[in-house]
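User: I've got this one open on my screen and would like to talk through its side chains. Can you take my questions one by one?

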Amino acid sequence: MEDISYACPRQKFMEDLGIQWREGKPDFTQVNKAYLEGRTRIHRDGSLEKIVEDLVKSWEMEASHKTNTEDWQSVDTEAFTIRGNNQRSFTLKELIEEGNYNVLMQNQPLYNNTDHSFKSSHDLFRSAFDQGFPWELIEVFSGPPKVAFSWRHWAHWTGPYKGRAPTGELLEMYGMAVAEVDENLKIKSIDVHYDPNQLLMKLEGKELLK
């Protein structure tokens, strides 16, 4: 039988007392199960790939659930910026206010970030992907201090999206990112490059161009 214990995601920086959680301390049991069932890569403990994957998962946890910059440990809280598809950069405080979806989907034809708050953007996709929206690292192309890597996001469409009934189909999204880290592997900046429109077109019921 395959030993998958080393492949289980590790969201760090969750145990300190006094953390200001957005909606209470998160439980990743369901999304971790979806990750283990749907992943296409298994990165060995101690490998650069596993270190980077765990760091991104810890950052993603903090971005989705921590409201106080002082509670963040995955990033350099003073220097941190994030940018998607060469749009404007956001500081840590702006990311906490806006949320990942609004920050990383600026000026998209099928998603108007100005129509959404942090909560409404997360509710929209949590509704559609109510069994979880796992993320995996595919490959690392360069090591610290500038870590370039490819990634995959996926989910089965199992809940309603803007009133549209789910199809149950597997939806996938691929991209690249470059994260600059300091000597303690705290993230100073993230540049993300990807096309969300194929996934959004499926959710909107629009036909892909041939």
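This is a predicted model: local features need pLDDT of at least 70, side-chain atom pairs count only at pLDDT 80 or more; totals for chains, interfaces and linings use all residues.

User: Which residue forms a salt bridge with Glu23?

Analyst: A salt bridge here puts a side-chain nitrogen of Lys or Arg within 4 Å of a carboxyl oxygen of Asp or Glu. For Glu23 the closest N and O atoms are 3.4 Å apart, and the partner is Arg126.

User: How many residues apart in sequence are the parts that Glu23 and Arg126 tie together?

Analyst: Helices are DSSP runs of H or I with at least four residues, strands are runs of E with at least two, and both are numbered from the N terminus. Glu23 lies in the segment before α1 (29-38) and Arg126 sits in helix α5, so the parts they tie together are separated in sequence by 103 residues.

User: And what is the N to O distance between Asp191 and Arg83?

Analyst: These two side chains meet in a salt bridge, with an N to O distance of 2.6 Å. Asp191 is in strand β6 (residues 187-194) and Arg83 in strand β1 (residues 81-84), so this pair bridges parts 108 residues apart in sequence. Arg83 is partly exposed, at 26% relative accessible area. The distance you asked for, then, is 2.6 Å.

User: Where is Tyr161, the aromatic partner of Phe125?

Analyst: Rings of Phe, Tyr and Trp (its six-membered ring) pair if their centres lie within 6.5 Å; planes under 30 degrees apart are stacked, over 60 edge-to-face, and the rest tilted. The structure holds 8 such pairs. Phe125 and Tyr161 make a tilted one, 5.8 Å centre to centre with 45° between the planes. Phe125 belongs to helix α5 (residues 118-128), and Tyr161 is found 36 residues away, in the loop between β4 (146-156) and β5 (170-181).

User: Is Gln106 buried or exposed?

Analyst: Gln106 lies in the loop between α4 (100-104) and α5. Its relative accessible area is 13%, so Gln106 counts as buried.

Definitions and conventions: Residues are numbered from 1 along each chain as its sequence is written. Side-chain values use heavy atoms; hydrogens and water are left out. Buried means under 20% relative accessible area, exposed over 50%, partly exposed in between (1.4 Å probe, protein chains only).
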